[in-house]
Amino acid sequence: MKNYYVLELPYNKSFFEFTSAEAKQFFEWYQEKIPERVAYLFMVCSNFHGVDLTKTIYNKQSLIYLWEWFLNVAKIKRSNRITSLLSFENFNEEFSKDDSIKFDEKTEYIIRDIGMYLGEMFVRNYNQINWSFYTEPITDFFVNQPLLLGFEDPSFTPPFKMVFEPIHMVGVKAANLFDGTSKKTDLLNLYIQWEQYIPK
């Protein structure tokens, strides 16, 4: 969507390149930006649906509204061409053969905003879950990135500690668009899936 106001990152480098001080500064910046991005996200989503959705913030119904909106505005880039995902009748045939498919930059920004919201929703709804980050080991996939701690897999003894990086996980669900398997309940199902890992 053309007029979506994106949040520019304060550093133009990968998380793997962050110093410990930069990781801390980024985490603080990220936390500070969450309220404004949530407010903006729901303003845009409310305009799309034609109804005030602010009363649904941080409840499960909001995830249906958000994802339905996302599925309608997401765009992909392929061979230097940006195209609406909903414009192809033969989606699977058109894209399943091409490994170079990716979301356009604005869609990636939207995924990040939705991820920030999803993470904050867990934190607001469950005292056991909190935002954090770690700076070691430097080879870890989520090093220096804001993520959620407090999840546990009870099938292990003792329970296995799990981390949840919400932007990455929202991106995983968004990728269902590439093979035509996306549903408006995908984001809600992700939330429900991880609720089972919150200690009682």
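**Entry 1: the sheet**

I started with a strand pair and found that Phe 151 has Met 162 in β6 as its bridge partner. I note here that the model is predicted. Next I counted the bridges between β5 (residues 147-153) and β6 and found four, with the two strands running antiparallel.

Then I looked up the whole sheet. It is open, has three strands in the order β4-β5-β6, and its pairing is antiparallel. Which strands stand at the edges? They are β4 (130-132) and β6 (160-164); each has a single partner strand, so one side of each lacks a neighbour in the sheet.

**Entry 2: peptide bonds and phi**

I went through the loops next. Most peptide bonds are trans, and most residues other than glycine have a negative phi. I listed the exceptions I found.

- Glu 136 and Pro 137 are joined by a cis peptide bond, with omega about -5 degrees. Pro 137 sits in the loop between β4 and β5.
- Thr 157 to Pro 158 is also a cis peptide bond, omega near -5 degrees. I located Pro 158 in the loop between β5 and β6.
- Tyr 58 is not a glycine, yet its phi is positive, about 70 degrees. Tyr 58 belongs to the loop between α1 and α2.

**Entry 3: α2 and its helix partners**

I took the two helices on either side of the Tyr 58 loop, α1 and α2. For packed helices I want the angle between the axes and the distance between them. Helix α1 (residues 20-49) packs on helix α2 (residues 60-73) at about 75 degrees, with the axes 10 Å apart. The pair is therefore roughly perpendicular. From α1, the contact uses Leu 41, Phe 42, Val 44, Cys 45, Phe 48 and His 49; from α2, it uses Ser 62, Tyr 65, Leu 66, Glu 68, Trp 69 and Asn 72. I sorted these residues into eight nonpolar, three polar and one charged.

How do α2 and α4 cross? Their axes come within 11 Å, at roughly 175 degrees. That angle is over 145, so α2 is roughly antiparallel to α4. On the α2 side I noted residues including Leu 63, Leu 66, Trp 67 and Phe 70; on the α4 side, Ile 110, Ile 114 and Leu 118 are among them. This contact divides into twelve nonpolar, two polar and one charged.

I then turned to helix α6 (residues 186-195). The axes of α2 and α6 come within 7 Å and cross at roughly 145 degrees. Here Lys 60, Leu 63, Ile 64, Leu 66 and Trp 67 of α2 meet Asp 186, Leu 187, Leu 188, Tyr 191, Ile 192 and Glu 195 of α6. I counted eight nonpolar, no polar and three charged residues in the contact.

I flagged Leu 66 of α2: it takes part in the contacts with α1, with α4 and with α6.

**Entry 4: the largest pocket**

I finished with the largest pocket. Its space is about 640 Å³. Its lining has 21 residues, and Leu 9, Phe 15, Arg 112, Gln 145 and Ile 167 lie nearest the centre.

Which helix gives the most to this lining? It is α4, with five residues. I found that α1, α4 (105-125) and α5 (166-174) each supply at least two. By type, the lining splits into twelve nonpolar, four polar and five charged residues.

Key
Residues numbered from 1 in each chain as written. Predicted model: local features only at pLDDT ≥ 70, side-chain atom pairs only at ≥ 80, totals over all residues. Heavy atoms only, no water. Axes fitted to C-alpha atoms, helices over the stretch in contact; angles between N-to-C directions. Parallel < 35°, antiparallel > 145°, perpendicular 65-115°, else oblique. Contact = heavy atoms within 4.5 Å. Nonpolar A, V, L, I, M, F, W, Y, C, P; charged D, E, K, R; others polar. Pairing = 2+ DSSP bridges. 1 Å grid on protein atoms, 1.4 Å probe; cavity = no way out; pocket = protein on both sides within 12 Å on 5 of 7 lines; lining within 4 Å. Points joined across faces, edges and corners; volume = space filled by probe spheres on them.
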